[in-house]
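Come along and check each entry against the picture as you read.

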Amino acid sequence: MMEEPGYSHNQNAVVQPLLTDLYQITMAYAYWKSGKTDDSSVFDLYFRKNPFEGEFTIFAGLDECLKFIDNFRYSDGDIEYLRQTLPEGIEDAFFDYLSELTAKQVTVHAIEEGSVVFPRVPIIRVEGPLIIVQLLETTLLTLVNYASLMATNAARYRMVAGKHIKLLEFGLRRAQGPDGGLSASKYSYIGGFDGTSNVLAGKLFNIPVKGTHAHAYITSFSGFAELKTRNIKHKEHGTLRDLLELAIGHRNALSQTMEISTEESSEGELAAMVSFAIAFPDGFMALVDTYDVKSSEPTNSTINDPSTHATNGIVNTNGLNVPIENAKVDENSNCEHASNNENPLNSCTEDRVNGEFSYNIVDGDNDDVNKMDDGTVHKCQSNKMLSTHTKLLKTVGKSFRSGLLNFCAVALALNDQGYRALGIRIDSGDLAYLSCLARETFEKVAVKFKIPWFNTLTIVASNDINEETILSLNEQGHKIDCFGIGTHLVTCQRQPALGCVYKLVEINGQARIKLSQDVEKVTMPGNKNAYRLYSADGHALIDLLQKDSEDAPKVGQKVLCRHPFQESKRAYVIPSRVEPLYKVYWKEGRLTQPRATLEQTRDKVKRSLEMLRSDHKRNLNPTPYKVAVSDDLYSFIHDLWLQNAPIGELS
């Protein structure tokens, strides 16, 4: 098959032969000096352990590896730099050799990008002249390691969020530099995210670009007088109306429905939202947690008490973690939050008094009763803790209530002019509770004003979200439609590196083995093929490695599968389907498979995960997936091990 036009030019300029470790080039010279230019070799690229305490990995980065191999050649500038950099005494003929070196004699076997892969199974097998295949090592590793780690991380977020929740990557500002940011956007999309805030990634990779605005936009307005433009045309008939005037009218009407006084809402915030709505009437998505109106200060929905800090619904009060999300909004609400039986505050219900929120917090282990100033009865072990807890809840409510009231007012004003708002973003506070409150509010407004689409407005949540946050929110019955995830996603904070390795397994037709006291680091020698065997229910059952000279397993025929290093671990498998894992992607200087689009690779991830049993994918204590070797390969490995292991001497 012919390579696609333009393939060679669609590559990151940083990815070039000099993007390598110095020792690769010094080894190349030593190989050349030793007359090994014609030696043929086989290298396996694989990893030893799945990331994030999970039991699967998503293979990504193959397309970038193929671009690199296609473009592999040293420029005149590269050669001149190497002349100046390498130790003195290197013969000029070696630089002439490098200047003509390409990857035309290399053959690349690989598993399809987007596939679920497992430890010890080579995901790329590179064959060819020893020097060139050695020179590819570092660059191939850097192209696969982060890509696979990132795609795996994204796939895990997708699984815990569920199929129907939108996921957006917001991590460019926290990524490891511009290349890390672009890679994060690309591979999070492959792993299952729906879009990115990264505009350049959108251009380069055709990924949907999404975004709202920052707190800075809200705080840049202090009042109505700063609105230079207030009129907006009707979407259909073009009638001009004052959007601020419409919003103020709706705010007054909403005040009673939402049980929020107009005095609780910030005029600067309303002005900012009107301004943004005029700019984007078909794309009005507003950040609603900027102000604590009581103090007239911008807030992140936390009180200014150094002993108290709120993060995703957990208050730390003098060292005691107290969940603030244990609330039930009212009898008609679907919002129910899980209680924490290890905490003295293990249940909390909300009453409404004169438009304010009050909380009945009950401690089942203590009978001391304290009546607060608002008449709410509390039972709690610590009056100080209870007071701080209640104050925090009310502060969170007020900062959010201002934004929610102003948003609804502007959304109704837009509706008058024929437009539909998109929704809100919550960037702080108790995300589960606030999302439920927002959804309940939208439903009330939809009924009150007879606007059915209002109850389907999107609720986006951000604020340092990780896997555990989403799992906790799921347990609490959140009403979030979309998560914007940044730091924990793009930096892979739970595990910053995958640890792929690139090992010589054959030279000039002779198998090579690397021995180690650590069995995990012992390589599996020789040229191998890999097959995925499926059970009768259609799930992947086991990956089997064989010598390349062996016949492939056959459907319905018994296969002996052995643990590569533990003699007693073995089992017969009768596969209902056998999938060869390797395809030849590069041979004789050209691509041999069609390039997959990002959409196709993304779909491959989804299909590959569906073939994996749920117990292999679960977040807590997943079942390890089995990787085995054939009986012939098992014997071959251990015979070679004995041949190469030194014999000790006792004295």
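Here are my entries, from the whole chain down to single residues.

**Entry 1: the whole chain**

I began by noting that this is a predicted model. I looked up the overall make-up and found 18 helices and 32 strands in the protein. Next I checked burial: of the 651 residues, 55% count as buried. Then I turned to contacts between residues at least 6 apart in sequence, and 71% of these join residues at least 24 apart.

**Entry 2: helices α1 and α4**

At what angle do α1 and α4 pack? I found that helix α1 (residues 22–33) and helix α4 (residues 92–99) pack at about 110°, and their axes are 11 Å apart. Angles from 65 to 115 degrees count as roughly perpendicular, so α1 is roughly perpendicular to α4. I also noted that the crossing of these two helices is right-handed.

Which residues meet here? On the α1 side I listed I25, A28, Y29 and W32, and on the α4 side A93, F94 and Y97. Sorted by class, the residues of this contact are 7 nonpolar, no polar and no charged.

**Entry 3: helices α10 and α11**

I moved on to helix α10 (residues 243–258) and helix α11 (residues 267–279), whose axes come within 10 Å and cross at roughly 130°. Why do I call this pair oblique? Perpendicular stops at 115 degrees and antiparallel begins over 145, so α10 and α11 are oblique to each other. Their crossing is right-handed.

The contact uses L243, L244, A247, I248 and R251 from α10, together with L270, V274, A277 and I278 from α11. By class I wrote down 8 nonpolar, no polar and 1 charged residues for this contact.

**Entry 4: R156**

I picked out R156, which sits in helix α6 (residues 137–161). Is R156 buried or exposed? Its relative accessible area is 3%, and buried means under 20%, so R156 is buried.

What does R156 touch, leaving out residues up to four places away in sequence? I listed F52, G54, F56, E467, R494 and N619.

I then visited the loop between β21 (458–461) and α14 (467–475), where S462 lies. S462 is buried, with a relative accessible area of 4%. Its side chain makes a polar contact with the side chain of R425, at 2.9 Å. Not counting residues up to four places away in sequence, S462 touches R425, I426, D427, L431 and G484.

N463 is also placed in the loop between β21 and α14. With a relative accessible area of 23%, N463 is partly exposed. I looked up its phi as well and found a positive value near 95°, in a residue other than glycine.

**Entry 5: R120**

Where is R120 found? I traced R120 to the loop between β4 (116–117) and β5 (124–129). R120 has a positive phi of about 75° although it is not a glycine. As for burial, R120 has a relative accessible area of 14% and is buried.

**Entry 6: V627**

Strand β32 (residues 626–629) holds V627. At 17% relative accessibility, V627 counts as buried, since the cut-off is 20%. Leaving aside neighbours within four places in sequence, I found V627 in contact with F118, P119, V121, I542, D543 and P564. I also noted L545, 82 residues from V627 along the chain, with 7.8 Å between the C-alpha atoms of the two.

**Entry 7: Q417**

My last stop was Q417, in the loop between α12 (383–416) and β20 (423–426). Q417 is buried, with a relative accessible area of 1%. Which residues does Q417 touch, not counting those up to four places away in sequence? I wrote down I232, K233, H234, K235, T239, L240, R241 and L246.

Methods: Residues numbered from 1 in each chain as written. Predicted model: local features only at pLDDT ≥ 70, side-chain atom pairs only at ≥ 80, totals over all residues. Heavy atoms only, no water. Helix = DSSP H or I, 4+ residues; strand = E, 2+ residues; numbered from the N terminus. Buried < 20%, exposed > 50% of the residue type's maximum accessible area, 1.4 Å probe, protein only. Contact = heavy atoms within 4.5 Å. Polar contact = N/O pair within 3.5 Å; in protein donor to acceptor, adjacent residues only side chain to side chain. Axes fitted to C-alpha atoms, helices over the stretch in contact; angles between N-to-C directions. Parallel < 35°, antiparallel > 145°, perpendicular 65-115°, else oblique. Left-handed = near helix turned anticlockwise from the far one by under 90°. Nonpolar A, V, L, I, M, F, W, Y, C, P; charged D, E, K, R; others polar.
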